[in-house]
Each structure stands twice: as structure tokens, then as C-alpha cells.
Amino acid sequence: MTAYDDDYAEVIARSTEAGVKTIFTIGIDLESSRAAAKLAAHHENIYATVGIHPHHAREAGAEAYAALAQLASQPKVIGYGEIGIDLFKDYAPVDIQTKVFKEQLALAKELELPVIIHDRDAHDSIVRILQESGPYPAGGVIHCFSGDREVARQFLDLGFHLSIPGVVTFKKAFELQEAAAHIPLDRMLVETDGPFLAPEPWRGKRNEPAYTLFTAEKIAQLKGISLDEVARQTTNNIAALFKIKVVEK
Ligand SMILES: [Zn+2]
């Protein structure tokens with residue numbers, strides 16, 4: 001996203017300093033997918049995903065899918081998404097969002113890529129669609145997980161990983177904190193959702209990869225384990241799920 005245009009080199013440097021080993025930059029439409037693939041091609045520890053976000057569902061179609069499949073053939077493109085349904089912002093009609101989500105799930109399956117799923121106020125629809133259209137042998141992640149313990153269980157049963165955003169550090173995020181305490185560590189990831197959802201103590205500011213440290217610290221506290229264990233296991237999880245080699249920096 002354009003939020004990092006002016007200082008992305010500093011953002012990357014701060015993430016390395018904070019111990020972040022790997023950054024994913026996420027496609028949300030064709031243009032950003034191209035930019036993500038390009039950025040990843042130029043940085044050893046940056047990987048890209050490609051796809052059309054539900055906000056941009058109207059831009060999807062045969063031509064866009066062909067271009068995305070082409071991008072996905074690049075070695076640093078390791079996942080397909082964000083794809084999904086967003087009933088909160090509702091930028092595109094829900095029937096179009098649903099159609100485009102199903103089409104891209106099929107494409108990701110054909111490309112044998114893990115999927116990155118955007119679920120905003122749409123838990124039931126997404127669980128149902130994944131049940132009907134699965135299984136997904138390459139797996140995937142429910143990014144920015146925002147459900148409770150029961151929703152978490154449904155996604156875990158479907159074989160998906162759950163990615164915890166900085167929201168878990170917010171004082172009143174009781175449901176998410178309870179869910180995070182119970183999600184098995186070997187099925188959990190941490191993320192920024194940058195530039196959004198910065199964790200405490202940066203809440204309300206621009207988010208960046210270095211701040212995942214605060215999210216990981218909160219998870220360690222909730223689970224009563226060490227930060228080191230959270231860091232090691234979540235790093236191993238992304239390496240296994242996205243079939244990448246994590247570079248020690
Ligand atoms: Zn999202």
C-alpha cells in the first residue's frame with residue numbers, strides 16, 4: 001500500500017532489527033499484485049501474494065485471473081489472496097463478492113497455492129463455502145482472524161491456520177484474546193495487516209512489520225509461554241505452510 005512509499009527501506013530495516021525474519025506483501029488487486037511480486041523479487045526476505053480483495057471484486061474476470069496466474073508462476077509469489085467476503089465495508093455487492101471468492105478459490109487450488117482469506121463479519125458464509133469447495137491440500141490462512149473460540153474451531157477443523165493481528169493487544173479484545181489462548185500454536189501466525197491495526201502501544205498509528213513483536217508478546221502472555229517459543233513456532237509455521245526457507249538475518 002502507498003502508506004510505505006516514502007520510507008519503506010527504513011520500515012524493512014526496523015523489522016530486521018526487531019527480529020522479523022520474513023515479510024509478506026499482499027496483493028489486493030491486479031496492480032498491487034504486480035507491485036508486490038516486483039518488491040519480493042528485489043528483496044531476499046520479502047515474499048508476495050496475489051489476488052483480488054473483496055473490495056475490488058468488480059475488477060475480477062477472466063483477463064485479471066489470467067494475469068494473476070501468470071504472476072503466480074514467479075518463484076517469490078507464494079500464496080493466493082487476499083480473497084474472501086467483507087460484509088462490514090460492503091464496497092461490492094455480496095453476490096459479486098461471493099462469486100469472485102469462489103472463482104479465486106478454484107484458481108488457487110489449480111495453482112496449488114495456499115489461500116489468504118479475508119473474513120470481515122462473514123464467518124458463516126466463509127466457513128460454508130470452504131466446507132463445500134474444499135478440501136484445500138495446500139492449506140491457507142484466515143488472515144486478521146476476528147472470530148471467537150467457536151469460529152476458530154470451525155476454521156481449524158477445515159485445516160486452516162489462523163493469523164492473529166495487533167487487535168489481540170487491545171484492552172477490550174476479550175473474545176479474540178480467549179480464542180488466541182486456545183488456538184494451538186502450531187496453527188497460528190502473527191501479522192500486521194499494515195498499515196492498519198497497529199498493536200498497543202502504537203494503536204491508531206501506521207502499523208509496520210516490526211510491531212508484530214508486540215502481538216507475539218501478547219500471545220506469549222496469554223498462553224503462558226515464552227516469547228521465544230511463539231517467535232520460533234510462528235516462523236516455522238509460515239515456512240511450512242508457504243514452503244519457503246526462512247533466511248537468518
Ligand atoms: Zn484483509
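Cys144 sits in the loop between strand E5 and helix H6 (149-157). Helices (H or I, at least four residues) and strands (E, at least two) are DSSP runs, numbered from the N terminus. The phi angle of Cys144 is near 50 degrees, a positive value in a residue other than glycine. Cys144 has a relative accessible area of 14% and is therefore buried. Here buried means under 20% relative accessible area, exposed means over 50%, and partly exposed lies in between (1.4 Å probe, protein chains only).

The model is predicted, so local features need pLDDT of at least 70 and side-chain atom pairs count only at pLDDT 80 or more, while totals for chains, interfaces and linings use all residues. Residues are numbered from 1 along each chain as its sequence is written, and side-chain values use heavy atoms, with hydrogens and water left out.

Lys243 is not a glycine, yet its phi is positive, at about 50 degrees. Its place is in the segment after helix H9. With a relative accessible area of 68%, Lys243 is exposed.

The model also holds a zinc ion. Its protein donors are Glu82 (OE), His118 (ND1) and His143 (NE2). These donors lie 2.0 to 2.1 Å from the zinc ion. Donors are N, O and S atoms within 2.8 Å of the metal (3.2 Å for Na, K and Ca); water is not among the atoms, so sites may look incomplete. Along the chain, the zinc donors follow the spacing E-x35-H-x24-H. His118 belongs to strand E4 (residues 115-120) and His143 to strand E5 (residues 140-143), so this pair ties together parts that are 25 residues apart in sequence. His118 and His143 are both buried.

The structure holds six aromatic pairs. Rings of Phe, Tyr and Trp (its six-membered ring) pair if their centres lie within 6.5 Å; planes under 30 degrees apart are stacked, over 60 edge-to-face, and the rest tilted. One of the pairs joins Phe24 and Tyr47. Their ring centres are 6.2 Å apart and their planes stand at 70 degrees, so this pair is edge-to-face. Phe24 lies in strand E1 (residues 23-26) and Tyr47 in strand E2 (residues 46-50). The pair therefore ties together parts that are 23 residues apart in sequence. Phe24 is partly exposed, because its relative accessible area is 24%. Tyr47 has 9% relative accessibility and so counts as buried.

Phe24 also pairs with Phe242. Phe242 counts as buried because its relative accessibility is 4%.

The charged end of Lys76 sits over the ring of Tyr47, 4.8 Å from the ring centre. A charge sits over a ring if NZ of Lys or CZ of Arg is within 6 Å of the ring centre and within 35 degrees of the ring normal. Lys109 lies over the face of Tyr136, at 4.9 Å from the ring centre.

Cis peptide bonds come next. One joins Gly134 and Pro135, with omega about 0 degrees. Pro135 is placed in the loop between H5 and E5. The bond from Gly194 to Pro195 is cis as well, with omega near 5 degrees. Pro195 lies in the loop between strand E7 (188-190) and helix H8 (212-223).

Ser133 is part of helix H5. Its relative accessibility is 26%, so Ser133 counts as partly exposed. Ser133 and Pro184 are 51 residues apart in sequence. In space, their C-alpha atoms are 25 Å apart.
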